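Please keep the sequence and the model in view while reading.

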Amino acid sequence: MSDESIAGRIERLVTEEDELRRREQADRSSEEALETDRERLRTVEVELDRCWDLLRQRRALREAGADPDDAEVRDPDTVERYLQ
């Protein structure tokens, strides 16, 4: 996967995230619709974190003179448990 394809995926996910946040406001009257939006939003947020992580790995490998294609998508638990 190239940096450009990862960036494109990030853009699509950000667009979906924005739409879900807008829709969440409109779905306040329906608990079921609201819960569905929240579940999807959480999924999108995790996927965004994984994409950003992969992009950072690729950039770090490139800067270190290594092959960026050696970067691997990490599982959600690893990415979500990073200490900041």
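Among contacts in the chain (heavy atoms within 4.5 Å) between residues at least 6 apart in sequence, 56% join residues at least 24 apart. The model is predicted, so local features need pLDDT of at least 70 and side-chain atom pairs count only at pLDDT 80 or more, while totals for chains, interfaces and linings use all residues. Residues are numbered from 1 along each chain as its sequence is written, and side-chain values use heavy atoms, with hydrogens and water left out.

The secondary structure consists of three helices and zero strands, in the order α-α-α along the sequence. Helices (H or I, at least four residues) and strands (E, at least two) are DSSP runs, numbered from the N terminus. The chain has a radius of gyration of 16 Å, well over the 12 Å that the globule rule gives for 84 residues, so it is more spread out than a compact globule. That radius is taken over C-alpha atoms, and the rule is 2.2 Å times the number of residues to the power 0.38. Along the principal axes, the C-alpha atoms fill a box of roughly 55 × 25 × 20 Å.

Helix α2 has 33 residues, and the distance from its first C-alpha to its last is 48 Å, close to the 48 Å expected at 1.5 Å a residue. The expected span is 1.5 Å times one less than the number of residues in the helix. After α2 comes glycine 65, whose phi is positive, near 80 degrees.

Of the 84 residues, 30% count as buried. Buried means under 20% relative accessible area, exposed over 50%, and partly exposed in between (1.4 Å probe, protein chains only). In soluble globular proteins, nonpolar side chains tend to be buried together. Here the largest nonpolar core has 11 residues: Ile6, Ile10, Leu13, Leu20, Leu41, Val44, Leu48, Cys51, Leu54, Leu55 and Ala71. Helices α1 (3–26) and α2 (31–63) each supply at least two residues of this core, and the largest share, six residues, comes from α2. Such a core is a set of buried Ala, Val, Leu, Ile, Met, Phe, Trp, Tyr and Cys residues joined through side-chain atoms within 4.5 Å. Leaving aside neighbours within four places in sequence, alanine 71 is in contact with Leu54, Gln57, Arg58 and Leu61.

Which residues does glutamate 17 contact, leaving aside its neighbours within four places in sequence? They are Leu41, Val44, Glu45 and Leu48. Glutamate 17 is found in helix α1 and counts as buried, at 15% relative accessibility.

Glutamate 17 also forms a salt bridge with arginine 21, with the closest N and O atoms 3.3 Å apart. A salt bridge is a side-chain nitrogen of Lys or Arg within 4 Å of a carboxyl oxygen of Asp or Glu. The two residues are four apart in α1, a separation of about one helical turn. Arginine 21 is partly exposed, with a relative accessible area of 37%. A second salt bridge joins the side chains of arginine 21 and glutamate 45 (2.8 Å, N to O). Arginine 21 lies in helix α1 and glutamate 45 in helix α2, so this pair ties together parts 24 residues apart in sequence. Glu17, Arg21 and Glu45 are among the members of a salt-bridge network that also includes Arg42 and Glu80.

The whole structure holds 14 salt bridges. One of them pairs the side chains of glutamate 47 and arginine 9 (3.8 Å, N to O). Glutamate 47 lies in α2 and arginine 9 in α1, so the pair ties together parts that are 38 residues apart in sequence.
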